[in-house]
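Here is a short report for a reader who is new to this chain. Please look over the sequence and the model, then read on.

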Amino acid sequence: MPTATSGGPAGDVVMVDEAALPVRRPRDLLRTVGGAVSLALVLALGAVATDTMSGAQSDLTRAAQHLPGLLRQALYAVTSLLLLAVPVALLVRQALWRRWRQIGEALAASLLALGASFLLVAWVVHGAPESLTSALTSTVNGPPAPTASYLAAFVAFVAVTDVSGRPGWASLAWGSVGLSALAAILAGASTPLHATVMFVLGRTIAAAVTYAAGSANVRPSAREVVRALGSLRLDVASCLRGADTGDGRVYEVALRSGDGLRVVVLDRDQQGYGLVYRAYRWLRLQGPAARRSIVTLRRATDHQAMVAYAARAAGARTPELIGVCPVGPDATLLAFTDRPVHTFGELGDAVTDEHLRGAWEQVRRLHDAFVAHRALTLGRFGVDTDGEVWLRDVRTGDIAASDFLLRLDLAQFLVESALAVGPERALRAAFDAVGGARVARAQPFLQPVALALSTRTALRHHRGLLEALRAGLAPALSSEAPVRLERVRPRTLVTVAAATLAVYILLGQLASVDLVRVVATADWRWLTAAAALSALTYVAATLSISGWVVERLRFGRTLLVQIAASFVTLVAPATVGGVALNARYLQRAGVPPALAVASVGVSQAVGLVVHVVLLALFVFLTGTSTNPAFSVPGWAYIIVGAAVALLALVLVLPRGRGWLRSRVRPLITETLPRLLEVLQRPRKLAEGLGGTVLLSAAYVLCLWAAVQAFGGHVDIATVAVVYLAGSAIGSAAPTPGGLGAVEAALSAGLTAAGLPSVTAVSAVLLFRLVTFWVPVLPGWIAFSVLQRRQAI
């Protein structure tokens, strides 16, 4: 809550400042996250390096036995005394300084750490992997003694008390921690790994408590800001707290001369804000697209001052920096002249083409001097009482900027202005002020990932805007491919994580099955039938795609495309690679792009409907059997119930209905005309529908043949339910070809149908061998042939 003060050492200055409430420091959050990650890594290391940990514990135990008994007793006595005396001394010290809040936080952290340590030990003894249990509990006395768990509470207490500013107290406190850990290890009450885990656990909980409770607010007050401005020989009449910019705290200052100042205060807390987001952007983006993280106060101050001076020297209409000075030991301020303006955001629809040309003129002057702004949003520009456009803040920029950064600037402000006035006006103003050839160089950078966070958020409500800007820039642009800005995409991370999980699941299945033995022991007659049915799926896929295309297609080449899709599926999620390949093939075959996409969409939509109908039909047939072999597991009901509940929630919420409508409406509008056109041709309809049904039937029969190859006895209706449900799960999985998800679902389904686990896994592996792995090599050959013939 703001507070107002006047008089005192600063004279009769009117000051409005924020209350000195506790603040949550980003560094405490980073320490919490880092501690949690470190704890996981230490436990993982203990699980892997079991022999090393056991050897270290044995060596320390033998060394302790060679120590004189009097020395060992003295060590244990001293550590026991320190465990009691040091916390009490720290409590007395904090009480003398009247730091009651910090005392409460330290006690809370120590109790939480103690409880967490006991829970961790209980988990290690009763539920952890055997290797980790051995590394943490291989002491002469069995599991770690309860007193060894007090180490986490001791560490948490010392960390929250924060004795870093007092070398004597810090040496005593942390020296006591190290001595206590050593004594517990030598006494056989703990292991090196257990002591390390307790230390990391205590530090992590201390950081979490400090972040949750907040730290003391030591930011400079308005009174200190006024005093600092006085050192610059500025006579202040009022100092009012303004709106923060995200990279500094702002004060609106009025001088007794009548002039105004905009004062930005940088402190160590402020420098940490946005650090997590900047780290994320640095990991995701590559090269200059990722912003540098300036984490030291001195470097941030120097950088912002240099950019401000460079912008003024370039002739841009920006506030003048008239002074920089420290505000106490942990903050600095930058004082800028302040010219009253109305920002473009405040003007709204009143922004004219002349205003936009004025803004682009400021950008041009910066770029002529190789100064990149890096945050060109509408709020950065304003119009004064004379109608002149000002660039209000340039502190986020870079000097000696590369061409890459300058083009990023152009793309950012082009999109930002188009969001306000539309693509046509934005392009016209940019061309008039900067020139078409220069603005067109931003075209490869018109990507959402290259834009500011606020711009990306606004762009979600303006679909097609980027495409309109690219089209408007195309006449002035020589051919240039889009620039790759992302180091790694979130979808790639999800795919890698899913693939890792899939491989883990698959390895678990293969552990109980010898793949060579699987093929060797399979009935060769059923194995041949499964291979033939797998080949039939490609014929069915050819019919299912050509049947929904009115234009004439060559059967042989279309079949070759379906075989090539088996190779593409290896490197893309299920159905995604085949869809893209078929759409590309149809376009190369002379089908207009819109109709090609619509034809593939019809094929996928009809396939989905047929899949659901067949699944419902076979579930019904299985349920009406007099001796049903398949019992649906309980977890399947939970998944179906959760899916139904999620769908109901989407339909109930207005935003959910809007989201669903935005996804379904384009599909209907694109595919319905093509479907109506095919319905008027009975032969094409029979070809497409027959191929779709044949495709599912061939896969079902192939899986049934794989089961028969190992002597399994499951009726076709049950196998159909298992396959149709398992393939649906595989289609939803983000792994290539549904790898891992399909195997797990089919194995679980066949096991639930009554097959022994080994037989079910063997049948599924044989099925996947003939339908997924064996076709990869022919698919690669087909893909290469189609590329040479420029058919895809």
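## Terms and basis

A residue is buried under 20% relative accessible area, exposed over 50%, and partly exposed in between, with a 1.4 Å probe and protein chains only. The model is predicted: local features need pLDDT of at least 70, side-chain atom pairs count only at pLDDT 80 or more, and totals for chains, interfaces and linings use all residues. Residues are numbered from 1 along each chain as its sequence is written, and side-chain values use heavy atoms, with hydrogens and water left out.

## The chain as a whole

The chain holds 32 helices and 10 strands. Helices (H or I, at least four residues) and strands (E, at least two) are DSSP runs, numbered from the N terminus. Of the 792 residues, 46% count as buried.

A contact means heavy atoms within 4.5 Å. Among contacts with a separation of 6 or more, 74% join residues 24 or more positions apart.

## The loop between helix 9 and strand 3

Asp235 sits in the loop between helix 9 (222–231) and strand 3 (236–241). Its relative accessible area is 48%, so Asp235 is partly exposed. Leaving aside residues up to four places away in sequence, Asp235 touches Leu255 and Arg256. Ser257 is 22 residues from Asp235 in sequence, and their C-alpha atoms are 7.8 Å apart.

Arg233 belongs to the loop between helix 9 and strand 3. Arg233 is exposed, at 80% relative accessible area. Its phi is positive, near 60°, and Arg233 is not a glycine. Most residues other than glycine have a negative phi.

## Two further positive phi values

Ala400 is a residue other than glycine with a positive phi, about 50°. Ala400 lies in the loop between strand 10 (389–391) and helix 15 (403–421). With 70% relative accessibility, Ala400 counts as exposed.

Gly214 follows helix 8. The phi of Gly214 is positive, near 90°.

## Helix lengths

The expected span of a helix is 1.5 Å times one less than its number of residues. Helix 8 (residues 192–213) has 22 residues and should span 32 Å. Its end C-alpha atoms are 32 Å apart, which agrees.

Buried residues of helix 4 include Ile103, Glu105, Ala106, Leu114 and Val124.

## Helix 16 against helix 19

Axes are lines fitted to C-alpha atoms, for helices over the stretch in contact, and angles run from 0 to 180 degrees between N-to-C directions. Helix 16 (residues 423–433) packs against helix 19 (residues 465–473) at about 40°, with axes 10 Å apart. That makes helix 16 oblique to helix 19. Angles under 35 degrees count as roughly parallel, over 145 as roughly antiparallel, 65 to 115 as roughly perpendicular, and the rest as oblique.

Pro423, Leu427 and Phe431 of helix 16 meet Leu465, Ala468, Leu469, Gly472 and Leu473 of helix 19. These contact residues divide into seven nonpolar, one polar and no charged. Ala, Val, Leu, Ile, Met, Phe, Trp, Tyr, Cys and Pro count as nonpolar, Asp, Glu, Lys and Arg as charged, and the others, Gly among them, as polar.

## Helix 22 against helix 31

Helix 22 (residues 524–546) and helix 31 (residues 757–773) pack at about 45°, with axes 9 Å apart. The two helices are therefore oblique to each other. Leu527, Ala530, Ser534 and Tyr538 of helix 22 make the contact with Leu766, Val770 and Thr771 of helix 31. The residues of this contact divide into five nonpolar, two polar and no charged.
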